[in-house]
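Biologist: I am new to this structure. Please walk me through it, one question at a time.

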Amino acid sequence: MSENLPSDPFSADLLRGHTDTIVLGTLRRADRYGYEIHKAIRDATGGQYEIKEATLYATFRRLERDGLVESYWGDETQGGRRKYYRITDAGRAVYRRNVADWRTTQRIINTLLDHDHEGPRP
Amino acid sequence: MTSETPNVHRALDVAFDGVALTPEVQDLKEEIRANLLARVEELQAAGMAPDDAARAAIDEIGDLRAAVDEITEGRATRGAAADAGGAPSPAEAWAAHERLVALHRVRPNPAFVVRTVLLAAVLVGAVVALALLVAGVIDLPDGAAVAVAAAGALATGGVVADALRQETSSHYPMPAGRALAWGASAAAGVAALGLGALFAVDTGRAWPLAVGAVLAVAATAGLVTLGVTQTNRTKAWVREVAAVAPDRFSQDPVAAARFGLYSGALWLAALAAVVVVGVTVGWVWAWVPVLAALLVEMVLVARMLFRADAGR
């Protein structure tokens, strides 16, 4: 398990730079609350990558300030009310643009490193 | 169940110890509490003992104190920066705003401009043709009149959907499905108006009124649904500018409420006047109260949204 974790701090930093986009991606299909988003990211990578939940709260607030997500309190009666996040049209546009930017960057890096035959072709 | 909860709550209290409990901080605390409890519940469902589950959930979440400090300090520095700058002179503020606008400028796509001009021409042509038909200047067979109304409706839908799909300096493009739904609703509304015109030409036939009414209801239902579910499309830089320099209605909710009440009363009166004028003078002149109300509304906006002292 541990050998699968990004051991190189560079790759973890690289991923951290995309936290906003990753969070927006988890909200594309359905509204989710904080722990659900954390779990979706963890499960999507089969546990290989995990964003510390504590750091997600700053991300949520930044996304909400920029109008990329909206939040609302759920109506759970038990175990505390959950704060749900909903992606906005602005959030969808930013998500699509960031994904397109990433694909371009990935292609360029693959070409420069001469590893493009290994990576998935767009 | 009862033995694990104090653990989670205590951990939260420790993390928030000494932090001023503003509504924002309270909100964050409750959000984290619900998420911690969700994780505890999940671990317990997997067979973990309550105490262990609480401890594991708290361990997993990471450095809460650092997160709390980051969020509250970020806010404090932003506020301080805004205060320290003081009020810039109008010229400086204007120059800064111009720089921001230039930095975020998105030029309109030439193909979009051409499409909009062409579709608007189609719409204007359809409106003129139907107006001449209602005024009795020209005569069109029903099929042709319906085709004209349909062309006007499709042109409107096209303009609306196309415009919403464009990225502008201040707004992100709308997802395609939503933009199409807005366009379709607007098209249904225009088609209903066109059929209304057809009915006005010869009130002896009921079908234009029936179809028009169905389209009008569909358009209203569509526009209301879309309006209620609409989320933010404004870019972050515009939101920041708006937060620094809010308009009068954001600063003064009482003025905003008063404006809403005036507008509501104005348009109700206009609607009643349309009916009265239509019945007494004739339906050809029923648009006059609408025009009058529009003029009054503009004066209302000018007087209430932009205060006389705003330019000083």
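This is a predicted model: local features need pLDDT of at least 70, side-chain atom pairs count only at pLDDT 80 or more; totals for chains, interfaces and linings use all residues.

Modeller: Residues are numbered from 1 along each chain as its sequence is written, while chains are lettered from A and ligands numbered from 1 in the order in which they are written.

Biologist: In what order do the elements of chain A run from the N terminus on?

Modeller: Helices (H or I, at least four residues) and strands (E, at least two) are DSSP runs, numbered from the N terminus. Chain A has five helices and three strands. From the N terminus on, their order is α-α-β-α-α-β-β-α.

Biologist: In what order do the three strands of chain A lie in the sheet?

Modeller: Two strands pair if DSSP finds at least two bridges between them. β1 (residues 32–33) of chain A pairs with β3(A) over two bridges, and β2 (residues 69–73) of chain A pairs with β3(A) over five bridges. Both pairings are antiparallel. β1 and β2 of chain A are the edge strands, each pairing on one side only. The open sheet has the order β1-β3-β2.

Biologist: Why is β3(A) largely enclosed by the rest of the structure?

Modeller: A residue is buried if 20 or more other C-beta atoms lie within 10 Å of its own, exposed if 12 or fewer, and partly exposed in between, with C-beta atoms placed from the backbone. Across chain A, buried residues make up 27% of the 122 residues. Strand β3 (residues 83–87) of chain A is largely enclosed because its buried residues number four of the five.

Biologist: Which element gives the most to the side of chain A that touches chain B?

Modeller: Two residues are in contact if their C-beta atoms, placed from the backbone, lie within 7 Å. The contact takes 25 residues from chain A and 32 residues from chain B. On the side of chain A, α3 (34–44), α4 (53–65), β3 and α5 (89–112) each give two or more residues. With six residues, the top contributor is α4(A).

Biologist: Which residues of α4(A) are buried, and which residue with positive phi follows the helix?

Modeller: The buried residues are E53(A), A54(A), L56(A), Y57(A), F60(A) and L63(A). Phi is positive, near 75°, at the residue that follows α4(A), G67(A).

Biologist: How many buried residues does α5(B) have?

Modeller: Helix α5 (residues 90–103) of chain B has 14 residues and reaches 20 Å from its first C-alpha to its last, close to the 20 Å expected. α5(B) is hardly covered. Its count of buried residues is zero.

Biologist: How far apart are the C-alpha centres of domain 2 and domain 3 of chain B?

Modeller: Domain bounds come from an automatic or database domain assignment. Chain B is divided into domain 1 (5–86), domain 2 (100–245) and domain 3 (247–312). The C-alpha centres of domain 2 and domain 3 lie 23 Å apart.

Biologist: Is W283(B) buried or partly exposed?

Modeller: W283(B) sits in the loop between α12 (253–280) and α13 (287–304) of chain B. Leaving aside neighbours within four places in sequence, W283(B) is in contact with A200(B) and G278(B). Within 10 Å there are 14 other C-beta atoms, so W283(B) is partly exposed.

Conventions
The expected span of a helix is 1.5 Å times one less than its number of residues.
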